[in-house]
Structures are given as C-alpha cells and as structure tokens.
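Here are some notes for a colleague who is opening this structure for the first time. Please read them beside the sequence and the 3D view.

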Amino acid sequence: MKQGNLLIQVFLLAYCFGSVCVINAEDPYRFFTWTVTYGTRSPLGVPQQVILINGQFPGPPIEGVTNDNILVNLINKIDEPLLITWNGIKQRRMSWQDGVLGTSCPIQPNSNWTYHFQLKDQIGTYTYFASTSMHRASGAFGALNVNQRSVIFVPYHKPDGDFTLLVSDWYKMGHKALRKRLDSGRALPLPDGLLINGASKGLAFTGEHGKFYRFRISNVGISTSINFRIQGHMMTLVEVEGSHTLEEVYESLDVHVGQSLTVLVTLKAPVKDYFIVASTRFTKPVLTTSAILHYKGSKTRPSRPLPIGPTYHIHWSMKQARTIRLNLTANAARPNPQGAFHYGTIPISQTLVLANARTKINGKLRYTVNRVSYVNPTTPLKLADWYNIPGVFDFKTIKNIPTPGPSILGTSVLDFALHEYVEFVFQNNERSIQSWHIDGTNAYVVGYGTGTWNVAMRKRYNYVDAVSRHTFQVYPMSWTSVLASLDNKGMWNVRSQIWSRRYLGQELYVRVWNNERSLYTEAEPPLNALYCGKAKRPV
Ligand SMILES: *[C@@H]1O[C@H](CO)[C@@H](O)[C@H](O)[C@H]1NC(C)=O
Ligand SMILES: *[C@@H]1O[C@H](CO)[C@@H](O)[C@H](O)[C@H]1NC(C)=O
C-alpha cells in the first residue's frame with residue numbers, strides 16, 4: 001500500500017453514545033501511508049535539500065469526497081519532530097487531528113502516527129502542509145481537494161478536466177538555514193523565486209479547444225501574496241475555501257499566503273500555447289514564474305510578452321477582494337442553500353481586535369499579537385486542557401484588544417463558550433501584508449478597510465453575501481473583519497500564514513468550550529494519542 005489510496009466501502013458504521021446511536025452508512029475510508037524523507041531537487045535550477053512525501057515534491061494530492069474518512073499514517077524519516085496540518089479542514093469535534101503543536105505532540109523521528117479525520121460539508125480546494133518549525137519552507141505540502149458526493153449539486157457543470165496548481169514562493173536556503181537566520185534575530189529576505197507545483201519551468205497543462213477546465217489554485221508559499229493569470233483567457237471564480245461564489249469573471253486574481261480558490265476556464269482561444277503566470281504582490285522586485293496552457297494539437301509556442309498583472313496596487317487588491325461574494329442560492333454540501341445561514345443578523349457576543357507588530361524581545365526579532373509573542377509549551381494545550389494539567393497556559397496572557405505596555409513572550413489562549421458568535425478584527429499596523437488563518441471554523445469576511453478599525457466601521461460591513469473562508473488577508477496599515485460562529489468545540493490555532501511571523505510568535509489559540517461532556521460536541525482523545533511534556537498516557 002505504498003502510495004496507498006485504498007478505498008474501502010464500509011457499509012455500516014455505528015457510533016453509540018449511551019442509548020443513542022448514530023449510523024453512518026456507506027461513509028468510505030481512504031487510507032494513505034506517507035513516508036516523509038529528505039531528498040534533493042533543483043526547483044530553481046540549483047540542487048538543494050527538500051522534504052519529500054513518498055518521494056514526491058510537492059507531496060501526493062488527496063482527492064477526497066465529502067463524508068470520506070481520511071486515514072493518513074505519517075512515517076517521519078527526517079531528523080526533526082514533525083506534524084502536518086490540514087489547512088482549513090474543519091475537524092469537527094476533533095481538534096485532536098488538527099496537526100499543530102497546540103493539539104498534538106509532534107511525531108518524533110523514526111516513528112509514525114495515524115491521523116483520522118472526516119471531510120465534512122466543505123466542497124472545494126484545500127491544502128496540507130507541515131505546521132512544525134520552518135518545514136513548510138522545504139516542502140511537505142500538497143493539495144487536498146474535496147469533491148461533492150453524487151447526491152449533492154454544485155452550481156456549475158462537471159468540467160472536462162481538472163488542474164491543481166500549488167503556487168509557492170521559494171528560498172534556495174533550506175528550512176534549517178532559514179530557521180537559523182530567524183533564531184539569530186534576523187528577518188527573512190525576499191524569496192529567490194516562485195514555483196508552480198514545485199517547478200519553476202517546463203510545466204504544461206494540456207486541454208482541448210472548446211472544453212472547459214477547473215483550475216484549483218492555492219498559495220502554499222511562506223511569505224508573499226501572488227497574482228495569477230492565464231494569457232488570453234478569462235477565469236470564472238466559482239469557489240473559495242468551501243464557499244461557492246457568484247460567478248464573476250476575472251483577468252487575474254490575487255491569492256494570499258495560505259488561501260485557495262477554484263476557477264473555471266473555457267479553452268476558446270485560437271489553438272496554440274499560452275502562458276500561465278504567477279507573480280508576487282507588494283514586493284520589490286516582483287518575482288514571476290510561468291507554466292504553459294497547451295491546446296491539444298498546438299504546435300505554436302506561447303508568445304511573449306507575459307501578460308502583465310498588478311504589482312504594488314493595494315487598493316486594486318482590496319477592491320477585487322470585495323467583489324468576491326457568496327452565491328446565496330447555490331447549494332452548500334448539505335442539501336440546503338449556503339446562504340440560509342443569515343450571518344448578518346446574528347448578534348455579536350464578543351469582539352476581538354488582534355493587532356500584529358514586529359518588535360524585539362531580549363534583543364531579538366519577534367512578532368507579536370496584542371503584545372504577546374507566542375511560545376509553544378512542551379505540553380500540547382489540548383492535552384493540558386483535557387486532563388486539567390496546571391501551569392501550561394492561562395487565559396490572562398493575551399488581552400482581547402490591543403493595550404499599552406511592553407511586549408512579552410507567552411502562551412496565548414483566548415476562551416470562548418461553545419456557539420459564541422465572535423467578531424475578529426485583524427488590525428495590521430505594519431507596512432507588509434498579513435494573512436491570518438483560523439482553524440476549526442470558517443468565518444465570514446465582512447470588511448476590509450484602511451487605517452485603524454473602530455465600531456463605526458461596522459456600517460460598512462457586507463452583512464448579506466460575504467464569503468466564508470479560513471484565511472484572510474489584511475492589507476498594510478489596514479484592518480480586516482470576520483464573523484465566526486464558534487460551533488466546533490476544541491482548541492484551535494489562529495495563526496499568521498506568513499511563516500517567519502508565525503515561527504517568531506504571531507499565533508495564538510482559541511479554546512471553544514462548554515462544560516457538558518458529550519461525544520456529540522467533542523470526541524475523546526484518540527486511542528493512538530501521543531503524550532509528551534507534562535501529559536502522561538492515562539492508565
Ligand atoms: C505505525 O505504523 C504501523 C504499521 O504501518 C501501524 O500498525 C501503527 O498503527 C502506526 N502507529 C500509529 C500510532 O499510528
Ligand atoms: C448561483 O447558483 C445558482 C444555483 O446553483 C446558479 O444557477 C446561478 O447561476 C448562480 N449565480 C451566479 C450569479 O453565479
């Protein structure tokens with residue numbers, strides 16, 4: 001079962017809690033065995049060490065269907081502890097499977113651990129990547145596509161073909177050198193290049209004239225936003241991170257770090273080859289990479305120049321972001337319209353304003369949120385919380401709004417009651433773009449604006465058809481507001497997707513809790529749970 005994707009139909013699976021049983025008939029199981037190793041590749045033309053999964057760079061794609069049970073036995077053959085996170089997969093009741101240091105002990109070198117999670121009602125384009133250390137800068141990332149079960153309709157016809165494009169910025173320095181640089185207190189330089197599916201040249205996607213294709217595009221980079229475009233072709237946006245959008249047509253699209261989207265493209269231009277281009281946003285200089293859209297039968301190479309895209313133009317990007325809206329009549333994964341949830345009319349129970357900053361603590365570069373630069377304790381927060389282990393974290397380290405005072409190192413956890421409806425305001429007072437992610441839930445991105453947020457900004461929110469997604473860009477010297485219904489009990493990572501920022505402290509956890517112990521709201525620790533730090537395997 002090496003590159004294992006064994007599909008086993010399980011016809012009857014029953015979970016019983018007390019006297020109540022939940023029967024899940026025919027939820028299929030997909031088993032994967034993934035061996036993580038180092039290898040040598042030359043993504044920018046120079047050989048360098050990268051992280052491979054089953055010998056592949058990027059890692060193997062997961063093609064799932066809603067309700068699939070995904071089991072990934074991850075065998076760690078590199079010399080450092082490792083975890084992989086399933087970016088944006090909601091892990092209902094199962095923060096144990098989220099693959100971040102706040103929820104699990106890392107998988108030690110020469111050992112393995114099996115993740116088990118179910119893909120729920122989130123049809124769309126996703127990714128996975130290593131969440132530990134700077135591993136993501138060397139590889140260990142891949143595509144995770146969630147398709148709909150046959151009984152569920154999506155608001156577009158079945159495409160004639162599918163292309164998955166993972167766009168990433170790339171450094172010739174490996175993760176160890178990058179980490180050393182950050183540990184010594186220096187920020188990262190601009191990346192050396194951009195890759196599409198791990199390559200900087202020679203990649204071609206072949207389609208037929210007159211047919212239409214689904215392009216799944218993700219930014220799996222660690223530092224820069226990208227703009228994506230296809231020469232001579234318009235793209236119809238149909239989905240972002242599990243939300244089906246109004247089908248707007250774009251010449252080019254911005255995709256920020258950690259984000260994913262799906263577009264449809266009809267091949268109706270003259271039969272020849274065309275450039276597919278990705279270029280960095282908000283950087284000087286601008287890095288560009290290209291691949292080829294090859295029309296079957298074409299003997300004509302694509303013609304230069306490359307189609308141009310926006311480079312600095314922050315306002316352009318903010319305007320484009322506001323055009324991405326939810327199709328209120330489209331079906332979500334459940335057979336009810338995704339807009340039936342009237343997110344704009346629900347009273348907000350709490351507002352959080354999370355302000356990021358770059359600072360120095362003990363003379364070294366650190367990144368903070370509301371003055372706290374996150375440090376991972378040796379005991380995962382989730383285990384400390386479940387087994388009531390004291391001295392690992394408290395709810396007083398971080399304030400829920402910016403306050404004056406010194407910057408500190410700490411383990412930030414914010415506490416919420418299950419089903420609270422929370423307004424998160426990400427305030428970026430820095431001159432670089434931010435990309436914030438929330439695990440365990442999607443959130444409605446109701447507003448983007450420049451300057452400092454205040455309550456009057458709520459008048460400008462989109463309360464009707466904002467998209468719900470897992471990763472939100474925050475423009476330089478600007479704010480982004482999102483509304484989240486915290487319906488998923490657990491310990492959830494809120495992180496900067498800009499990886500040097502997260503590595504040096506820009507993350508925190510949100511604990512969603514109620515005192516009722518019920519398997520309907522949260523699962524027990526998995527039988528194979530790893531224990532470390534102060535957490536000992538219960539006997
Ligand atoms: C490790 O791999 C073995 C063999 O494939 C498997 O039987 C075992 O369950 C795995 N261990 C964990 C903790 O997942
Ligand atoms: C929204 O979804 C509906 C239902 O699937 C579809 O018929 C319609 O074309 C979509 N509207 C737009 C503007 O994308």
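1. In this predicted model, an N or O atom in the side chain of Asn-327 is placed 2.3 Å from an oxygen atom of ligand 2. A further contact to an oxygen atom of ligand 2 comes from a backbone N or O atom of Glu-247, at 2.9 Å.

2. The surroundings of ligand 2 consist of Pro-155, Leu-246, Glu-247, Asn-327, Thr-329 and Ala-330, and by class this shell has three nonpolar residues, two polar ones and one charged one. On its own, ligand 2 has 360 Å² of accessible area, of which the protein covers 51%.

3. Elsewhere in the chain, four strands form an open sheet in the order 6-11-10-8, and their pairing is mixed. Strand 6 (62-65) and strand 8 (84-87) stand at the edges with a single partner strand each, so that one side of each has no neighbour in the sheet. From one strand to the next, the twist averages 25 degrees.

4. Strand 8 pairs with strand 10 (residues 124-130) in the antiparallel sense, over four bridges; Thr-85, for example, has Phe-129 in strand 10 as its bridge partner.

5. As for the record, an unreviewed UniProt entry carries the annotation "domain: Plastocyanin-like" for residues 36-149, 162-298 and 379-516. In the model, residues 162-298 are 7% helix and 49% strand, with end C-alpha atoms 20 Å apart, while residues 379-516 are 8% helix and 43% strand, with end C-alpha atoms 24 Å apart.

Terms used:
Residues numbered from 1 in each chain as written. Chains lettered and ligands numbered in written order. Predicted model: local features only at pLDDT ≥ 70, side-chain atom pairs only at ≥ 80, totals over all residues. Heavy atoms only, no water. UniProt positions renumbered as here; feature names shortened; annotations may be inferred. Helix = DSSP H or I, 4+ residues; strand = E, 2+ residues; numbered from the N terminus. Pairing = 2+ DSSP bridges. Axes fitted to C-alpha atoms, helices over the stretch in contact; angles between N-to-C directions. Near = heavy atom within 4 Å. Polar contact = N/O pair within 3.5 Å; in protein donor to acceptor, adjacent residues only side chain to side chain. Areas by Shrake-Rupley, 256 points an atom, 1.4 Å probe, with all protein chains shown as cover. Nonpolar A, V, L, I, M, F, W, Y, C, P; charged D, E, K, R; others polar.
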